[in-house]
Amino acid sequence: MKLNMILGKKQIVLASLVLILSIAVYLNYTFAGTGEYDLIADKPESSTVNYGEAQMTNAPVADEYFTTARLDRKKARDEAVETLAAALKDANLSDDERELATGKALSVSKQIESENKIETLVKAKGFVECLAFVDDDSVRVVVRTDGLDSDQAAQIKNIIIEETDVAPENISLGELSYENTAASTLNP
């Protein structure tokens, strides 16, 4: 009798799969037990990085200011958006109140967008760090620099005027020095 008659095609495929699975299990057991082979990564296991843990550094006070201020600004904006969203969900609102809440939500959204644009454009002018606070009627910008001259202040003021509808007298610029942690305010 032929071998093909005794063993069907299904049995041959099944036997092949069992053999391949057995080899895979054996290789996994062998390599996992020693820990010296890593077929995927080129670097040894001792250089792995755990991104879930924070590490304290000796960051300058200026960096801490910008980080803290950004977090505080984000928290305040998130609270405002949450309050407006809750107000818009209220079924008892009149059409005028709903329109007012929608307008305020659009205003907050525009302020966030303006802050991001101002910060990006000021950093593009060569400043390492910039933080913008845009309100309905005023803009405050703080930059990290060794000294803000009048030309740089005028450039920043022009960026703010182009991006917002705020009057020039309601724009204030501040600088945070690399060496000095005290912020000074300029009104060019």
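**Core packing and ring contacts**

Leaving aside residues up to four places away in sequence, Val-143 touches Phe-66, Val-122, Phe-127, Glu-129, Cys-130, Leu-148, Ile-156, Gly-174, Glu-175 and Leu-176. The model is predicted. Its largest nonpolar core has 17 residues, and Val-143 is among those with the most contacts inside that core. A second, separate core has six residues, Phe-66 being one of them.

**Largest core**

- Besides Val-143, the residues with the most contacts inside this core are Ile-118, Val-122, Val-141, Ile-156 and Ile-160.
- Two or more core residues come from each of α4 (95–124), β1 (129–134), β2 (139–144), α5 (150–163) and β3 (171–176).
- The largest share, four residues, is given by α5.

**Second core**

- Phe-66, Ala-69, Phe-133 and Val-142 are included in this core of six residues.
- Phe-66 is also on the list of residues touched by Val-143.

**Aromatic rings and a charge**

- One aromatic pair is present in the structure.
- Tyr-65 and Phe-66 form this pair in an edge-to-face arrangement, with 5.4 Å centre to centre and 75° between the planes.
- Phe-66 is buried because its relative accessible area is 1%, under the 20% cut-off.
- Phe-133, one of the residues in the second core, has Arg-73 over the face of its ring, at 6.0 Å from the ring centre.

Definitions and conventions:
Residues are numbered from 1 along each chain as its sequence is written. This is a predicted model: local features need pLDDT of at least 70, side-chain atom pairs count only at pLDDT 80 or more; totals for chains, interfaces and linings use all residues. Side-chain values use heavy atoms; hydrogens and water are left out. A nonpolar core is a set of buried Ala, Val, Leu, Ile, Met, Phe, Trp, Tyr and Cys residues joined through side-chain atoms within 4.5 Å. Buried means under 20% relative accessible area, exposed over 50%, partly exposed in between (1.4 Å probe, protein chains only). Contact means heavy atoms within 4.5 Å. Rings of Phe, Tyr and Trp (its six-membered ring) pair if their centres lie within 6.5 Å; planes under 30 degrees apart count as stacked, over 60 as edge-to-face and the rest as tilted. A charge sits over a ring if NZ of Lys or CZ of Arg is within 6 Å of the ring centre and within 35 degrees of the ring normal.
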